[in-house]
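Here are some notes for a colleague who is meeting this structure for the first time.

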Amino acid sequence: GYSVWAKLNQEYYDKIINIAHTYKEIIIVTDDIDMAKFKFKSIKNLKFNISRTVLEDFTILRNSSNLACAPSTFSWWAAQLSISCKTVYMPSEIYNKLGHYRNSYLKLY
């Protein structure tokens with residue numbers, strides 16, 4: 001939502017939107033629900049998690065079977081600590097700065 005990284009990575013989000021159409025259910029975890037609804041309006045199978053607590057958001061991300069990381073360290077940490085995530089989508093800039101240390105399948109954009 002408010003991240004400078006997010007504003008610099010619009011192309012990454014466009015790629016994630018194209019991939020999102022292939023999944024049956026998608027949960028968007030965000031601190032900016034209006035922007036997320038606007039950005040992901042072309043996707044029909046969306047659910048939005050309206051942030052109640054940081055812990056709740058982190059738990060949802062960490063327990064995802066597939067995770068598209070935002071260009072932030074918050075979702076990067078969720079990907080690192082996940083035990084159930086099979087695929088991680090990550091902006092290449094985040095990977096180049098921080099790496100990825102889990103055994104899940106990593107796709108860089």
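1. In this predicted model, A68 stands opposite Y89, a residue of strand β4. The strand β3, covering residues 66-68, is joined to β4, residues 87-90, by 3 bridges, and the two strands run parallel.

2. This pairing belongs to an open sheet of 3 strands, arranged in the order β3-β4-β5 with parallel pairing. Because β3 and β5 (105-108) stand at the edges and have a single partner strand each, one side of each is left without a neighbour in the sheet. Neighbouring strands here are turned against each other by 15° on average, if direction is ignored. As background, strands of a sheet pair through backbone hydrogen bonds, in either a parallel or an antiparallel manner.

3. What angle do the axes of helix α4 and helix α5 make where they cross? The axes of α4, residues 54-62, and α5, residues 73-81, come within 8 Å and cross at roughly 50°, which means that α4 is oblique to α5. The crossing in which α4 passes α5 is right-handed.

4. Which residues bring these two helices into contact? From α4 the contact draws on V54, D57, F58, L61 and R62, and these meet F74, S75, W77, A78 and L81 in α5. Sorted by class, the contact of α4 with α5 has 7 nonpolar residues, together with 1 polar and 2 charged residues.

Notes: Residues numbered from 1 in each chain as written. Predicted model: local features only at pLDDT ≥ 70, side-chain atom pairs only at ≥ 80, totals over all residues. Heavy atoms only, no water. Axes fitted to C-alpha atoms, helices over the stretch in contact; angles between N-to-C directions. Helix = DSSP H or I, 4+ residues; strand = E, 2+ residues; numbered from the N terminus. Parallel < 35°, antiparallel > 145°, perpendicular 65-115°, else oblique. Left-handed = near helix turned anticlockwise from the far one by under 90°. Contact = heavy atoms within 4.5 Å. Nonpolar A, V, L, I, M, F, W, Y, C, P; charged D, E, K, R; others polar. Pairing = 2+ DSSP bridges.
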